[in-house]
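Please read them alongside the coordinates.

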Amino acid sequence: MDGNKRWVSGDLQHPDRDPDRREFVAQKQEPFGSVLSCIDSRVPPELLFDTGLGDLYVMRTGGEAVGPVVTGSVEYGPLTSGTPLIVVLGHQRCGAVEAAYKSLRDDKPLPGNLESIVRALRPAYQQTVRQGGADPVDRMARAQVTLTAADLRSNGALAPLVKKGSLAVIGAYYSLDTGKVEVLSGAPY
């Protein structure tokens with residue numbers, strides 16, 4: 001979050017981004033966090049957290065949609081090298097969430113494999129419809145983050161690490177307007 005504060009203020013340090021760091025991590029990596037974020041070109045985790053080479057495992061899918069391969073990729077850091085943090089990062093004005101919302105609302109399937117994203121986001125859509133209120137796409141984006149983070153926290157492989165306190169799984173939301181990341185769920189005590 002300190003890196004995000006630097007991103008917001010423009011006081012960037014650009015850590016771990018030089019040939020020395022490249023050589024240091026060439027044989028072994030020990031990222032301090034894993035980030036599951038959206039494919040959106042405006043939401044690059046390494047930049048908005050002001051991190052560098054070897055600092056983060058990053059998985060990006062449309063609307064943070066998950067399935068077995070993505071979940072396995074998220075599990076990789078904590079299970080193989082003890083990475084202590086997973087951040088599920090949604091964002092403002094998410095095109096994937098908006099497309100899924102409209103597809104489900106209008107009962108119009110999306111073409112090709114985009115429909116798999118819609119299926120993955122259905123629980124967030126259903127929660128959004130139940131709760132009602134203004135700006136359903138934004139609420140659905142936030143619901144997707146919260147639901148995905150909760151699913152990862154209760155995942156059979158990750159739950160024991162969360163329970164013993166060696167892993168935090170955070171749901172967060174990025175504002176395109178301000179650059180600020182807001183923690184939505186799972187902040188460690």
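1. In which sense do strand 3 and strand 4 pair, and over how many bridges? Strand 3 (residues 85-91) and strand 4 (residues 168-174) are parallel, with seven bridges. Strands (E, at least two residues) and helices (H or I, at least four) are DSSP runs numbered from the N terminus, and two strands pair if DSSP finds at least two bridges between them.

2. On provenance: this is a predicted model, in which local features need pLDDT of at least 70 and side-chain atom pairs count only at pLDDT 80 or more, while totals for chains, interfaces and linings use all residues. Residues are numbered from 1 along each chain as its sequence is written, and side-chain values use heavy atoms, without hydrogens and water.

3. The sheet is open and has five strands in the order 2-1-3-4-5, with mixed pairing. Strand 2 (56-60) and strand 5 (181-185) are at the edges with a single partner strand each, so one side of each has no neighbour in the sheet. On average, neighbouring strands are turned by 25° against each other, direction ignored.

4. Strand 4 and strand 5 run antiparallel and are joined by four bridges. Gly 171 is opposite Ser 185 in strand 5. The hairpin of these strands has six residues between them, and Gly 179 there has a positive phi near 85°.

5. Helix 7 (residues 136-153) packs on the sheet and touches strand 1 (33-37), strand 3, strand 4 and strand 5 (contact: heavy atoms within 4.5 Å). Its direction makes about 170° with that of strand 4 (axes are lines fitted to C-alpha atoms, for helices over the stretch in contact; angles run from 0 to 180 degrees between N-to-C directions).

6. Thr 148 lies in helix 7. Is Thr 148 buried or exposed? With a relative accessible area of 4%, Thr 148 is buried (under 20%; exposed is over 50%, partly exposed in between; 1.4 Å probe, protein chains only). Not counting residues up to four places away in sequence, Thr 148 touches Leu 36, Glu 64, Val 66 and Val 88.

7. The largest pocket holds about 290 Å³ of space. Of its 18 lining residues, Met 1, Phe 32, Phe 49, Leu 85 and Val 87 are the closest to the centre. Helix 1 (2-9), strand 3, strand 4 and strand 5 each supply at least two lining residues; helix 1 gives the most, with three.

Conventions: On a 1 Å grid over the protein atoms alone, a cavity is a set of points where a 1.4 Å probe fits but cannot get out, and a pocket is an open set with protein on both sides within 12 Å along at least five of seven lines; lining residues have an atom within 4 Å of a point. Grid points are joined across faces, edges and corners, and a volume is the space filled by probe spheres set on the points.
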